[in-house]
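Here is a friendly tour of one protein model, meant to be read with the structure open beside you. Take a look at the fold before reading on.

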Amino acid sequence: MARNRTVRYGGRALVLAATAAGLVAAVTVPAAAADGPDRRQLIADCASGEGKCTFNEPVLGTAYLGDFRQVSSSLHNCTTSPATQSMGWSDTVGSSDSAGVSVTAGGKLAGIIDLGVTATYSHTWSSSHTENSSLNMTMQPGEVGWISRAQVMQTVSGTWQTHYDSPKWGHYYWFVPETVTGPAANGTDGVSNAVVVKTRKMTASEKASCATGAHRGETFRLKR
């Protein structure tokens, strides 16, 4: 009896220790936690297909507007009059996991997450979003202007379940809790994408370049 109690306790202790590390094995016999994989190895097996993976019980977070970032070239006005030009812009926003690693568009991991979200919410999940357009910009003399954009973002939290055909690290199944942040459809939870024109005054060196450089008296674009 004493031996049986020790085995059951040992198995429970392993699960608790593994959960704290973000990894849980389907425990059938006690095993040393040091013998298990790290998170990176399990996710790599999901991506390669060595592990048969699913993304279980996904939960979508509330949508929010992401950070603004420059999506166009910069327009420098070296003239003495306001200058208006049409500026094209393009923006691609991807997804990243809780470790900051990219979840690539069209990749195996993205596809697995999409299956889990679609099964739960009846709509697709995309790991990447691209938009492009153009916008008129008016720069005052001595100003630099550019276009910035912010994308609606959303988290999806769930658990990776990795199943192996034969035991690996002593088990057929391993579980990894995960949160992925990625682009959401415009208007999700009432939040909309935003595109704005931003300007600033030229620096002293930029002003000097306008006065004596090749762009003297011109409006020119500088690629980002």
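A residue counts as buried when its relative accessible area is under 20%, as exposed when that value is over 50%, and as partly exposed in between. Please keep in mind that this is a predicted model.

Let us begin with aspartate 45. Its relative accessibility is 8%, which is under 20%, so aspartate 45 counts as buried. The side chain of aspartate 45 meets that of lysine 168 in a salt bridge, with 2.9 Å from N to O. Aspartate 45 belongs to helix H2 (residues 39–48) and lysine 168 to strand E11 (residues 152–168), so this pair ties together parts that are 123 residues apart in sequence. Lysine 168 has a relative accessibility of 21% and therefore counts as partly exposed.

How many salt bridges does a search of the whole structure find? The search finds 10. Another of them joins the side chains of arginine 149 and aspartate 91, at 2.7 Å from N to O. This pair also links distant parts of the chain, with arginine 149 in strand E10 (residues 143–150) and aspartate 91 in strand E6 (residues 83–93), 58 residues apart. Both arginine 149 and aspartate 91 are buried. They take part in a network of salt bridges that links Arg69, Asp91, Glu131 and Arg149.

## A pair toward the end of the numbering

Arginine 200, at 32%, counts as partly exposed.

## The largest pocket

Next, the open space. The largest pocket holds about 230 Å³. It is lined by 16 residues, and those closest to its centre are Thr124, Ser126, Pro183, Ala184 and Ala185. By class, the lining of the largest pocket has 10 polar residues, 6 nonpolar ones and no charged ones.

## The enclosed cavity

The structure also holds 1 cavity of 30 Å³ or more. About 30 Å³ of space lies in the largest cavity. Its lining is made up of Ile43, Asp97, Val103, Leu109, Ile113, Trp160, Glu178 and Val180. Which elements give two or more residues to this lining? They are helix H3 (108–121) and strand E12.

What classes of residue line the largest cavity? There are 6 nonpolar residues, 2 charged residues and no polar residues.

## A nonpolar patch on the surface

On the surface, Leu135, Val195 and Val197 form a nonpolar patch, with about 180 Å² of accessible area together. Leucine 135 sits in strand E9 (residues 129–139). With a relative accessible area of 30%, leucine 135 is partly exposed.

Most residues other than glycine have a negative phi. You will find tryptophan 169 in the loop between E11 and strand E12 (171–183). With a relative accessible area of 24%, this tryptophan is partly exposed.

Aspartate 189 is another residue that is not a glycine and yet has a positive phi, of about 55°. Where does aspartate 189 lie? It is found in the loop between E12 and strand E13 (194–201).

Glutamate 143, in strand E10, is 66 residues from asparagine 77 along the chain, and their C-alpha atoms are separated by 5.7 Å. The relative accessible area of glutamate 143 is 11%, so this residue is buried.

Lysine 223 and leucine 75 are 148 residues apart in sequence, with 8.9 Å in space from C-alpha to C-alpha. Lysine 223 is placed in the segment after strand E14 (219–222). Is lysine 223 buried or exposed? At 75% relative accessibility, lysine 223 counts as exposed.

Definitions and conventions: Residues numbered from 1 in each chain as written. Predicted model: local features only at pLDDT ≥ 70, side-chain atom pairs only at ≥ 80, totals over all residues. Heavy atoms only, no water. Patch = residues over 30% accessible without salt bridge, like charges linked within 9 Å, V, L, I, M, F, W, Y side chains within 5 Å. Areas by Shrake-Rupley, 256 points an atom, 1.4 Å probe, with all protein chains shown as cover. Salt bridge = Lys/Arg side-chain N within 4 Å of Asp/Glu carboxyl O. Helix = DSSP H or I, 4+ residues; strand = E, 2+ residues; numbered from the N terminus. Buried < 20%, exposed > 50% of the residue type's maximum accessible area, 1.4 Å probe, protein only. 1 Å grid on protein atoms, 1.4 Å probe; cavity = no way out; pocket = protein on both sides within 12 Å on 5 of 7 lines; lining within 4 Å. Points joined across faces, edges and corners; volume = space filled by probe spheres on them. Nonpolar A, V, L, I, M, F, W, Y, C, P; charged D, E, K, R; others polar.
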